[in-house]
Amino acid sequence: MKRRFLQSLWLSVVCFSLSLAAGAAFAADADKYVWRFQAVHSPNQLVYHLFQKTVDEIYEASGGRMKIELYPGGALAGSMEAFQACGDGVFEMHSSFPTYLKGIEPAIEPMVGANMTMSDTDRMIWLNEAGGNELLQKVFDKVNLRLLATQMWPSDVLSSSKPFKSFAEMKGSKFRTSSPTIATANGIAVVTLPLEEVFTAIASGAVDMAEFGYLEYNRGLGVTDVAHYSIWPDFWNCQFVETIVVNKDAWDKLPKDLQMLVTHAFKANALEHWTKALYSSAKAMQELKANGKNEFIRLDKQEFIALRKQMYGIEKEQAAKRNGLLKETYNSMYDFYKVYYPYKVIAAWWGDGLTADEQAGFPIGK
């Protein structure tokens with residue numbers, strides 16, 4: 001399933017490349033469309049640069065028929081209200097983390113990265129092959145949005161002002177996170193803040209640790225300058241999903257060929273972001289190590305066996321209380337685990353569980 005999914009992503013890349021070559025064939029007098037696209041990111045971030053590249057290529061491939069104007073987070077609406085603003089037609093496109101919609105539909109949280117859930121590749125497969133995207137669309141239907149593409153983020157890093165060596169040590173600390181369940185259940189004080197306030201919160205000491213994105217993204221926010229401990233694994237909103245959505249009314253007015261062009265472009269963008277995010281973070285770690293100020297910590301995986309069981313119990317309680325889409329989502333995920341996890345374990349890469357030196361076959365060092 002993983003191979004089929006990656007093949008489909010590469011097909012999107014190929015289709016989009018071919019459409020670039022065909023751009024000149026569009027009629028000069030055809031209808032032109034202008035959309036406003038607010039991303040949640042700032043212009044200094046890798047993901048924002050990739051979005052700019054994608055909208056520029058769409059304009060070129062369409063022969064000027066499709067112009068998407070990119071705006072940074074907060075330019076047209078605050079991050080906590082932007083999905084609703086896009087659905088209301090304030091602007092036509094939006095990219096952000098849909099956990100902001102959990103007040104409207106709690107099922108969105110497990111769909112896109114709740115506590116103690118899937119890895120990035122697992123979630124991509126569940127979304128694309130096991131019904132996840134269809135469930136996600138049911139949430140966006142409530143705010144007049146069409147899901148255009150899901151953009152997977154690799155493992156979050158926990159940026160901390162303290163060198164926590166275990167999950168148990170975090171009890172009593174203050175933690176900025178958008179997914180508080182497992183932390184709250186284990187005595188960690190949770191603070192929920194939007195992206196705009198993450199740096200200030202940790203720089204001022206309002207929180208001891210904060211999660212938001214992968215290592216290079218957090219470095220771009222300046223967080224690694226004030227929080228010198230980077231901690232894994234991602235147990236909070238695991239390998240979360242960024243969604244690219246379109247106002248349904250605007251989408252319905254777009255001709256079929258431009259719908260296909262925009263769809264393939266952003267699916268291709270998602271694959272490029274995922275690979276660049278991973279490798280840029282690897283390089284960022286080397287550079288941060290070299291400055292002598294940053295330390296990198298991985299918590300013992302044995303702790304997470306009990307935490308996953310605890311989270312499963314919480315999920316069952318939540319589903320029993322709310323039923324509806326939340327129960328449907330958990331059942332879909334559990335069915336996926338039953339089918340995919342046994343295969344994933346037996347078919348794991350030969351280097352799974354080995355050290356970096358053992359995987360490389362030569363000394364790499366810490």
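Helices (H or I, at least four residues) and strands (E, at least two) are DSSP runs, numbered from the N terminus. With those labels, we can walk through the structure.

This is a predicted model, where local features need pLDDT of at least 70, side-chain atom pairs count only at pLDDT 80 or more, and totals for chains, interfaces and linings use all residues. Residues are numbered from 1 along each chain as its sequence is written, and side-chain values use heavy atoms, with hydrogens and water left out.

**Backbone features in loops**

Start with Met 116. This residue lies in the loop between α4 (108-112) and α5 (120-129). Is Met 116 buried or exposed? Met 116 counts as buried, at 10% relative accessibility. The cut-offs are these: buried means under 20% relative accessible area, exposed means over 50%, and partly exposed is in between (1.4 Å probe, protein chains only).

Asn 144 also has a positive phi, near 60°, and is not glycine. Asn 144 sits in the loop between α6 and β4. Here the relative accessibility is 24%, so Asn 144 counts as partly exposed.

Next comes a peptide bond. Trp 232 and Pro 233 are joined by a cis peptide bond, with omega about 0°. Pro 233 is placed in the loop between β9 (229-232) and β10 (241-247).

**Salt bridges**

A salt bridge is a side-chain nitrogen of Lys or Arg within 4 Å of a carboxyl oxygen of Asp or Glu. The structure holds 17 salt bridges.

| Pair | N to O distance |
|---|---|
| Glu 272 and Lys 53 | 3.3 Å |
| Lys 248 and Asp 141 | 2.6 Å |
| Lys 276 and Glu 272 | 3.0 Å |

Take Glu 272 and Lys 53, which form a salt bridge. The pair links distant parts of the chain, 219 residues apart: Glu 272 is in helix α12 (residues 256-290), and Lys 53 is in helix α2 (residues 46-61). Glu 272 is partly exposed, with a relative accessible area of 23%. Lys 53 is partly exposed at 35%.

Lys 248 and Asp 141 also meet in a salt bridge. This pair, too, links distant parts of the chain, 107 residues apart. Lys 248 belongs to helix α11 (residues 248-253), while Asp 141 is in the loop between α6 (132-140) and β4 (145-152). Lys 248 is partly exposed at 25% relative accessibility, and Asp 141 is partly exposed at 39%.

What separates Lys 276 and Glu 272? They are four residues apart in helix α12, so about one helical turn lies between them. Lys 276 is partly exposed, with a relative accessible area of 35%. A network of salt bridges links Lys 53, Glu 57, Glu 272 and Lys 276.

**The sheet**

Two strands pair if DSSP finds at least two bridges between them. Six strands form an open sheet in the order β7-β6-β8-β5-β9-β11, with mixed pairing. β7 (189-191) and β11 (295-298) stand at the edges. Each has a single partner strand, so one side of each is left without a neighbour in the sheet.

Inside this order, β5 (residues 158-160) and β8 (residues 209-211) pair in the antiparallel sense over three bridges. Which residue in β8 is the bridge partner of Ser 160? The partner is Met 209.
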